[in-house]
4 protein chains.
Amino acid sequence: MSGNSFGKIFKLTTFGESHGVAIGGIIDGCPAGLEIDTEKVQEDLNRRRPGQSAIVTQRKEPDTVEFLSGLFEGKSTGTPIGFTIKNANQKSKDYSHIKDTYRPSHADYTYDEKYGVRDYRGGGRSSARETASRVVAGSIAKQVLKDVQIIAFVSSVGKLELDKDFSELDYSEIEKNPVRCPDAATAAEMERYIKEVRADGDTVGGTVQCIIQNVPKGLGEPVFDKLHAELGKAMLSINAVKGFEYGSGFEGTKMRGSEHNDQFNKDGSTKTNLSGGIQGGISNGMDIYFKVAFKPVATLMQKQTTINSKGEEVDMQGKGRHDPCVVPRAVPIVESMAALVLADYLLQNKSSKI
Amino acid sequence: MSGNSFGKIFKLTTFGESHGVAIGGIIDGCPAGLEIDTEKVQEDLNRRRPGQSAIVTQRKEPDTVEFLSGLFEGKSTGTPIGFTIKNANQKSKDYSHIKDTYRPSHADYTYDEKYGVRDYRGGGRSSARETASRVVAGSIAKQVLKDVQIIAFVSSVGKLELDKDFSELDYSEIEKNPVRCPDAATAAEMERYIKEVRADGDTVGGTVQCIIQNVPKGLGEPVFDKLHAELGKAMLSINAVKGFEYGSGFEGTKMRGSEHNDQFNKDGSTKTNLSGGIQGGISNGMDIYFKVAFKPVATLMQKQTTINSKGEEVDMQGKGRHDPCVVPRAVPIVESMAALVLADYLLQNKSSKI
Amino acid sequence: MSGNSFGKIFKLTTFGESHGVAIGGIIDGCPAGLEIDTEKVQEDLNRRRPGQSAIVTQRKEPDTVEFLSGLFEGKSTGTPIGFTIKNANQKSKDYSHIKDTYRPSHADYTYDEKYGVRDYRGGGRSSARETASRVVAGSIAKQVLKDVQIIAFVSSVGKLELDKDFSELDYSEIEKNPVRCPDAATAAEMERYIKEVRADGDTVGGTVQCIIQNVPKGLGEPVFDKLHAELGKAMLSINAVKGFEYGSGFEGTKMRGSEHNDQFNKDGSTKTNLSGGIQGGISNGMDIYFKVAFKPVATLMQKQTTINSKGEEVDMQGKGRHDPCVVPRAVPIVESMAALVLADYLLQNKSSKI
Amino acid sequence: MSGNSFGKIFKLTTFGESHGVAIGGIIDGCPAGLEIDTEKVQEDLNRRRPGQSAIVTQRKEPDTVEFLSGLFEGKSTGTPIGFTIKNANQKSKDYSHIKDTYRPSHADYTYDEKYGVRDYRGGGRSSARETASRVVAGSIAKQVLKDVQIIAFVSSVGKLELDKDFSELDYSEIEKNPVRCPDAATAAEMERYIKEVRADGDTVGGTVQCIIQNVPKGLGEPVFDKLHAELGKAMLSINAVKGFEYGSGFEGTKMRGSEHNDQFNKDGSTKTNLSGGIQGGISNGMDIYFKVAFKPVATLMQKQTTINSKGEEVDMQGKGRHDPCVVPRAVPIVESMAALVLADYLLQNKSSKI
């Protein structure tokens with residue numbers, strides 16, 4: 001039950017620690033006969049890659065995906081797609097100084113409590129490096145989804161919020177700035193703030209918003225596997241995520257039913273969309289939208305006092321090259337997890353009617 | 001993949017429409033040899049039952065659980081626990097007036113899109129009546145969990161928020177008022193407001209907070225099945241839920257890492273608990289706490305204009321006895337889903353070490 | 001992981017002990033919009049029912065199925081189909097004499113070793129009574145399968161074998177004799193032999209053969225979930241089964257490849273069918289056929305010496321009304337399990353191609 | 001539902017075609033803290049490897065396993081164990097001559113029917129090369145099982161049967177001859193016969209018997225996931241398998257209950273063991289034993305007439321280096337699948353009691 005798989009029909013299983021030989025995964029259940037553009041997969045990986053801009057970690061990781069199976073003459077064959085991404089950094093460092101140290105708000109302590117042993121080099125399996133495998137699979141899931149559009153962007157950094165409705169945004173702006181915020185002015189402010197935080201050796205949180213357009217009606221399962229429940233789980237499984245809301249979200253709790261109900265147009269679309277494109281756990285064809293909360297990265301470039309595995313107080317000093325704010329690099333990960341959920345439900349739905 | 005099951009080892013599968021013969025379920029994987037108090041199960045069901053106070057729906061549903069298997073001489077036998085709850089109302093009404101009508105912000109339209117057919121009597125499978133089965137299973141899960149305490153309460157109704165930290169609350173107050181808010185003064189205000197909303201034929205949303213104490217360390221699985229990801233999915237699977245946050249939640253995104261990191265005490269506990277009792281997806285022994293957002297109930301006692309299955313505009317008038325605010329009755333459901341998640345991870349964890 | 005569910009998309013979960021209130025189950029994943037003939041389900045149940053002929057157990061169990069959900073106006077709705085079958089015998093006896101006795105070649109000893117507790121009344125969960133729930137689900141699975149024909153019959157009783165190839169048999173004979181053997185002369189011999197064995201207070205084993213015709217090509221999954229692997233598991237999960245072979249089976253091991261290979265006709269059918277309708281785990285459109293081995297029933301109407309839970313030798317005397325030979329009543333169970341496997345793969349296959 | 005995973009807690013997922021870059025897999029759920037001897041894994045792989053003796057295929061495949069994750073300082077960490085085995089032959093040949101040809105009794109035709117596309121180089125995913133990944137995982141499963149002994153050997157080749165009870169055999173003989181039959185005289189006969197068959201350009205089938213000793217009591221799940229049902233599925237999932245029987249098997253169907261029942265000794269062991277170590281689907285601590293039927297390999301070194309994808313008759317001539325008899329190399333695969341089943345149930349069983 002080790003929880004390294006995601007999805008029921010379109011299913012990803014991942015492996016790999018940040019400082020082992022390689023990370024990678026197996027995508028099982030990709031339907032046969034789909035043309036797969038592996039260059040697009042690498043492009044998505046590059047959007048997650050360290051070192052892509054001045055405001056993310058400057059680690060050198062080429063993150064090149066190698067496909068080992070499941071593709072033949074440019075198409076999926078219906079058999080499992082195995083892939084690996086080599087770890088560049090694996091032998092470069094001495095980790096003895098953190099071997100027994102529990103970093104605050106990391107998974108070091110809980111892994112030791114759960115397993116009794118731990119690969120202490122750079123976070124091991126709890127490292128966000130694992131999400132590179134999700135981007136590979138998510139990028140293929142997008143190709144399964146064809147006309148469905150999944151767009152994610154940074155909607156806040158610390159207290160700086162993008163205060164426009166998503167319908168007013170120009171999504172083509174997203175990739176034009178290193179923050180991945182679709183409003184150039186807000187993006188510039190956010191970038192300045194991230195640099196300020198980094199200069200303090202500190203980190204800051206933020207939110208990512210995601211919009212899914214052109215969703216077929218009828219996706220999602222009633223009761224436990226509601227579409228938004230699985231989207232929520234998918235997002236909450238990303239490192240550093242503390243919250244998820246869709247449609248009217250937490251603000252909607254303050255409204256009355258008479259304000260909140262989405263009135264129908266005659267074609268089945270709705271005049272408003274506080275439901276967020278999902279009713280009773282099933283897509284209704286309107287835009288799905290949701291927001292994901294990321295806490296500030298726990299690794300600081302400051303001295304901190306903590307404990308070791310013997311319960312002794314020790315000082316630790318962050319070293320290396322870390323992200324001052326995780327949300328810009330989280331954008332492709334959010335998209336990927338959304339794509340995995342949608343592709344899986346699209347395939348599941350094929351057997352819902354006679 | 002119809003999504004009527006929850007859990008991997010301690011696993012609940014439910015069935016039943018609101019106006020069929022009965023609802024019920026099967027609990028598979030309850031360990032053998034556990035003393036089961038079936039009266040406690042009925043008590044938990046009574047907390048969810050309609051008609052328990054002046055501010056909830058006045059429908060008459062006795063909601064008596066009957067156990068059919070899996071218990072013998074007061075103990076679980078390790079075999080599946082089958083149970084049913086009869087539907088009292090099943091033949092009492094004429095539903096022809098809503099047969100072809102799509103109620104706004106309900107699941108009528110999406111069920112028709114997904115399945116092509118629909119049991120149109122009172123919500124069918126999408127009715128919150130299904131959650132009674134969850135309470136039965138959750139109540140048994142609590143007995144599996146023994147010393148783990150799960151406490152849920154209403155933390156807001158519309159814009160009325162309980163503005164105290166959970167550590168300052170007296171949980172013994174919760175069941176003393178019909179709102180299930182642990183602060184008597186706030187509860188009284190909330191009750192007044194719910195009555196006002198009801199008098200308008202309207203409804204209002206709210207939030208439920210849940211605290212889990214005495215959690216064993218090491219529960220939860222890294223990567224996709226993080227403890228909070230599964231808790232999030234569990235909560236988002238409850239009818240009318242729009243959001244979930246745990247620990248510092250959405251507020252935490254505004255903080256810097258240096259404020260947000262939880263410093264260790266020498267015994268492995270932490271001085272603060274912004275992590276919400278979970279690090280890297282695994283429990284660290286501190287209190288787990290989270291908040292769940294419920295939208296206002298979509299069924300109004302007002303006239304609304306909507307469409308029917310032919311795309312024609314029709315008027316509809318809410319009839320019957322509905323909840324003006326869902327959160328008081330949602331409290332035992334939130335507890336139950338939390339118990340299901342925790343019991344399942346407790347059992348899963350038994351095989352994580354040699 | 002308690003193993004009370006079968007199937008991935010068309011999924012049956014069962015509950016119930018032989019002497020509890022009721023047995024029953026939930027069928028999840030039946031596609032919506034299917035006309036369900038519930039009388040056919042009862043007819044299949046009647047074929048498994050005790051007391052139907054002179055050569056089976058004379059217990060009185062009406063075995064009436066009650067459907068609780070998932071059907072509406074004669075059709076499946078895509079929601080779970082819950083059902084129960086009341087136990088007629090539940091309070092009729094005193095079981096104190098077998099409470100601590102381990103019957104030879106039964107599951108009493110192993111249940112006690114596994115669970116520490118046991119419902120000792122008449123076999124509890126290990127009773128073949130559980131298979132009635134499989135017949136309910138299998139009968140609905142047959143309706144999902146439409147034109148696929150599943151025909152099972154008794155192919156041997158003890159050393160008496162039906163020595164005709166299945167292509168020479170008249171299947172309309174099967175239900176005309178109590179043994180369910182399609183050859184009248186052999187059936188008469190078998191019946192005589194079963195009566196003789198019963199007169200001795202003894203029991204005897206036998207085999208059931210099953211033929212599946214009109215199977216769509218492409219069902220089954222390569223590698224672990226080969227169609228015949230899942231059929232084998234399904235059959236081996238039936239009480240008293242000791243073996244399974246399909247196509248050429250154990251005899252095929254003695255052949256050379258040049259004799260065993262099935263040559264193609266131009267239309268893709270094959271001149272011979274030693275493959276048994278499955279190649280590489282996937283159906284090829286030819287008849288699927290297999291044989292299932294049932295051991296003699298362990299409950300004898302003779303005195304036996306055995307042990308109790310304290311390890312003391314005790315005498316036991318079979319009482320009541322038991323089957324001298326299980327295969328006639330096993331026929332509808334074999335059919336049902338085959339139907340469950342096929343229906344599940346039919347639905348799974350919908351997502352194998354783009 | 002593509003069926004490339006096996007197991008519930010100790011779970012193997014495999015990928016890879018015979019002529020792609022590599023095959024491999026992910027083992028998820030190996031408990032943490034287990035010392036893993038990777039050299040033993042390579043030794044088991046060598047027992048399956050082509051070219052190990054004169055009577056198996058002479059293909060050159062070094063079959064070296066590389067572990068990519070999940071092991072640290074000689075121990076399992078509880079995280080997924082990823083591994084690959086490079087394909088040596090991947091670019092060495094021209095396959096255009098078989099591109100559109102459907103080989104008799106192979107999976108070419110059914111793969112095309114199922115998926116519409118196919119990696120036609122040397123069997124692709126349907127190649128028995130995939131079983132190398134099972135041996136890697138099975139070898140680690142054996143290390144999880146510690147004192148449990150799993151011994152497989154060849155019990156027949158064509159009509160040549162080893163006619164001794166397994167209790168009379170000297171298992172240390174198994175690896176001393178290329179046939180892997182524990183009786184030297186019978187092995188010599190079998191070897192002679194295999195060479196004769198090969199000289200004819202033909203192939204022959206056979207059986208493998210497997211004995212499992214020192215099995216803890218209580219493994220297996222009642223109802224659908226009986227221990228022998230899962231063993232049966234595991235064996236039937238191996239390429240070329242046509243049948244499975246355990247304990248008294250098909251012979252047991254001819255017996256009377258009074259002969260077949262295993263009488264207890266006072267310590268709970270049984271005087272005979274026709275039950276094959278399993279009662280009611282659960283291990284009773286006695287030896288588990290079963291037999292697996294393998295058909296003759298379908299690839300012949302003879303000319304055969306067959307069809308192509310256009311339905312035209314074509315001649316084909318077997319080329320290359322193929323096994324005249326699959327059973328000697330199947331021995332470690334049978335052991336591996338048995339180990340996967342047992343390890344999984346061992347871990348599952350941890351949550352069966354309170």
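A residue is called buried under 20% relative accessible area, exposed over 50%, and partly exposed in between, with a 1.4 Å probe and protein chains only. The structure is a predicted model, in which local features need pLDDT of at least 70 and side-chain atom pairs count only at pLDDT 80 or more, while totals for chains, interfaces and linings use all residues. Residues are numbered from 1 along each chain as its sequence is written, chains are lettered from A in the order in which they are written, and side-chain values use heavy atoms, without hydrogens and water.

**The surface of chain A**
- E168(A) is exposed because its relative accessibility is 53%.
- E168(A) belongs to the loop between strand 10 (160-161) and helix 4 (184-199) of chain A; helices (H or I, at least four residues) and strands (E, at least two) are DSSP runs, numbered from the N terminus.
- Together, E161(A), D163(A), D165(A) and E168(A) make up a negative surface patch.
- Such a patch joins like charges within 9 Å, from residues with over 30% relative accessible area and no salt bridge, a salt bridge being a side-chain nitrogen of Lys or Arg within 4 Å of a carboxyl oxygen of Asp or Glu.

**Buried residues of chain B**
- L231(B), in helix 5 (residues 227-236) of chain B, is buried because its relative accessible area is 0%.
- Beyond four places away in sequence, the contacts (heavy atoms within 4.5 Å) of L231(B) include F244(B), I278(B) and F290(B).
- L231(B) and F290(B) are 59 residues apart along the chain, and their C-alpha atoms are separated by 9.0 Å.
- Y95(B) is also buried, at 8% relative accessibility, and lies in the loop between strand 7 (81-86) and strand 8 (101-102) of chain B.
- Outside four places in sequence, Y95(B) touches H19(B), Y120(B), R121(B) and G122(B).

Conventions: Patch = residues over 30% accessible without salt bridge, like charges linked within 9 Å, V, L, I, M, F, W, Y side chains within 5 Å. Areas by Shrake-Rupley, 256 points an atom, 1.4 Å probe, with all protein chains shown as cover. Lys, Arg positive; Asp, Glu negative; His and termini not counted. Charge placed at Lys NZ, Arg CZ, Asp CG, Glu CD.
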